2 protein chains.
Amino acid sequence: MSETAQRRGRGRRPAGEVREGVLRAAAGLLLSEGIKAVTFDRVATAAGSSKMTLYKWWPSAGALAAEAYFAHSEHQLEFPDTGDIRADLTAQLCAFVRLITHEGTGPVLAGLIGVAQTDPELSAAFSEHYSAPRRALAVAAFEKARDRGQLRADIDLGILVDQLWGACYNRLLIPDAPLTEDYAVALVANALDGAAP
Amino acid sequence: MSETAQRRGRGRRPAGEVREGVLRAAAGLLLSEGIKAVTFDRVATAAGSSKMTLYKWWPSAGALAAEAYFAHSEHQLEFPDTGDIRADLTAQLCAFVRLITHEGTGPVLAGLIGVAQTDPELSAAFSEHYSAPRRALAVAAFEKARDRGQLRADIDLGILVDQLWGACYNRLLIPDAPLTEDYAVALVANALDGAAP
DNA sequence: TCAGCATGTGTACTGGCTGTCCATATGAAG
DNA sequence: CTTCATATGGACAGCCAGTACACATGCTGA
């Protein structure tokens, strides 16, 4: 698991080397045992490093977990753009549902969001490196669709993001109802066509 | 703060009396210092009780916090029913937004949902006593509206719940965009009328 | 090439929280 | 009133966060 368990002794080590080892160890713990396992103590032990080093570089265990997650899983950010917003949205949202219903990803993502509620540093890192860029990308795609005349000009595109991805996050975080690809398909239809007759 | 700090000595005490004191102490900690302050240790100390007692009655500190929250704040469950689903929804969602943007409620609710991601007992309690009943109530209101012809017959009403309340929860838990009453109004319009031209 | 320094690193320690064991005071049953 | 079952409380070990201090090593200047 941790191939660099033997310490090299005290003193200074190349920063990048230790940093990479710590992130690898954190990612390993995060993916195998969940967010609760990502503590400074355990990561330091697994990386053959010292807690003091981690405290110097990361403000909280949650922030470390977030960086490890983002570095480990460079998920695709590109938004398909075939010119048909309905098809593009359906494809993108189905892919998103597949991602967050995957056993190794959904709980980890949910755990990160969960800890973010009481860890401001993790919250900031999550927003900066994950949620905000993805929101911006979706809004940009919506703007192009609106310019093509596929979306009404008078609606707030940010709201549309919440109605689609936010709805999925809701079923991930508050699992009172199932989260399936059929759900994603129906979600797109609902959002575009409306619920009124 | 805790008027019953003096212990009555060892031995058995009336269960209801202790239980109520514990819940009061837990609610106090939850509302004043947040979910992180609701630990078995601190609640037991504040209630003048013993940790062992808490372990016997609650499976986790999160479950205790949830029960304290639900018992302390018996939020209104009634759904307005004036016959106009658009007006009723707007009123209900605005009230919801007011509730979760209130300084003393929003962070607490977000904290509970956050901890629920890694606390199965809290997750179950939250679903059973909070989210599921509210979802059922909303779906019931939607069914009445649909029978009145105010909603299309072919849509999944559960999805509509996610698109409205889920969108709000999304802005509560992943605060990349502001959460206002204007937002709630626009949300209802979007959900009912759709985003397509 | 080598010495000195600044910097990052490791050890040790305190304090808080979790989860459990065991003695015991008390409410309830007979 | 006596006896018993049971809830209660104190104590304890283990894990983790966060900090203070000693020190080895990579870098810089001569």
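Predicted model: local features only at pLDDT ≥ 70, side-chain atom pairs only at ≥ 80, totals over all residues.
**Stop 1: chain A as a whole**

Select chain A and colour it by secondary structure. Chain A has 9 helices and 0 strands. Now think about burial. Of the 197 residues in chain A, 40% are buried. Next, look at contacts within the chain. Take those with a separation of 6 or more: 64% of them join residues 24 or more positions apart.

**Stop 2**

Where do the two domains touch? On the domain 1 side, 13 residues are in contact with 14 residues of domain 2. Select helix H1 (15-33) and helix H4 (61-72) of chain A. Each of these helices gives two or more residues to the domain 1 side. H4(A) supplies the largest share, 7 residues. By class, this side of domain 1 has 9 nonpolar, 3 polar and 1 charged residues.

**Stop 3: helix H4 in chain B**

Move to chain B and select residues 61-72. This is helix H4, with 12 residues. From its first C-alpha to its last, H4(B) reaches 16 Å, close to the 16 Å expected at 1.5 Å a residue.

Click through the buried residues in order. They are Ala61(B), Gly62(B), Ala63(B), Leu64(B), Ala65(B), Ala66(B), Glu67(B), Ala68(B) and Tyr69(B).

**Stop 4: where the chains meet**

Show both chains together. In chain B, 44 residues are in contact with 44 residues of chain A. Now select four helices of chain B: H6 (106-116), H7 (120-147), H8 (157-173) and H9 (181-193). Each gives two or more residues to the side that touches chain A. Which helix gives the largest share? H8(B) does, with 11 residues. By class, this side of chain B has 22 nonpolar, 14 polar and 8 charged residues.

**Stop 5: the symmetry**

Zoom out to see both copies. A rotation of 180°, with 0.0 Å of shift along its axis, superposes chain B on chain A with an RMSD of 0.0 Å. The two copies are thus related as by a two-fold rotation axis. The same surface serves both copies, as 100% of the contact residues of chain B recur in chain A.

Technical notes:
Residues numbered from 1 in each chain as written. Chains lettered and ligands numbered in written order. Least-squares fit on C-alpha atoms with pLDDT ≥ 70 in both. Contact = placed C-beta atoms within 7 Å. Nonpolar A, V, L, I, M, F, W, Y, C, P; charged D, E, K, R; others polar. Expected span 1.5 Å × (residues − 1). Buried ≥ 20, exposed ≤ 12 C-beta atoms within 10 Å, placed from the backbone.
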